[in-house]
Amino acid sequence: MCLNCDTGKVSSIGASVCSGCPSGYECIDGSQTPCDEGYYSNNEESCKICDEGFMCLGASDHRACPPGTSQPNKGQP
């Protein structure tokens, strides 16, 4: 009998073990979904909302605003 992967883990067809969720994805019930703009993930089980002062274009992209710019709102690309 095949066992479900734990939350935050993923597997491919025919896998003998579940592995960690790759950066830029949300992993629930053994499958992975890419993070939308305004969210990011760094090997975690779910996508996190982008913080103030950062740009998040989706996936694992979480960059601080460069000098001379700002981002006052959460969840913005």
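Q: Which hand does the disulfide of Cys 21 and Cys 27 have, and why?

A: A disulfide is a pair of cysteine sulfur atoms within 2.5 Å. Cys 21 and Cys 27 form one, with an S to S distance of 2.1 Å. Its torsion about the S-S bond is about 75°, so the link is right-handed. This is a predicted model, in which local features need pLDDT of at least 70 and side-chain atom pairs count only at pLDDT 80 or more, while totals for chains, interfaces and linings use all residues. Residues are numbered from 1 along each chain as its sequence is written, and side-chain values use heavy atoms, with hydrogens and water left out.

Q: Are Cys 21 and Cys 27 buried or exposed?

A: Buried means under 20% relative accessible area, exposed over 50%, and partly exposed in between (1.4 Å probe, protein chains only). Cys 21 and Cys 27 are both buried.

Q: How many disulfides are there in the whole structure, and what pattern do they follow?

A: The search finds four. With bonded cysteines counted along the chain, the pattern is 1-2, 3-4, 5-6, 7-8.

Q: Which hand does the link of Cys 35 and Cys 47 have, and which parts does the pair tie together?

A: The sulfur atoms of Cys 35 and Cys 47 are 2.1 Å apart, and the link is left-handed, with -90° about the S-S bond. For the parts, strands are DSSP runs (E, at least two residues), as helices are (H or I, at least four), numbered from the N terminus. Cys 35 lies in the loop between strand S4 (31-34) and S5, and Cys 47 in the loop between S5 and strand S6 (48-49), so the pair ties together parts that are twelve residues apart in sequence. Both Cys 35 and Cys 47 are buried.

Q: What is the geometry of the disulfide that joins Cys 50 to Cys 56?

A: The S to S distance is 2.2 Å. The torsion about the S-S bond is about 75°, so the disulfide of Cys 50 and Cys 56 is right-handed. Cys 50 is buried at 0% relative accessible area, and Cys 56 is likewise buried at 0%.

Q: Which residues does Tyr 39 touch?

A: Contact means heavy atoms within 4.5 Å. Leaving out residues up to four places away in sequence, Tyr 39 touches Cys 47, Lys 48, Ile 49, Cys 50, Cys 56, Gly 58 and Ala 59. Tyr 39 is found in strand S5 (residues 39-40) and is partly exposed at 34% relative accessibility.

Q: Which side chains meet in a salt bridge?

A: A salt bridge is a side-chain nitrogen of Lys or Arg within 4 Å of a carboxyl oxygen of Asp or Glu. The structure holds one, between Arg 63 and Asp 61 at 2.8 Å, N to O. Arg 63 is partly exposed, at 41% relative accessibility, whereas Asp 61 is buried, at 18%.
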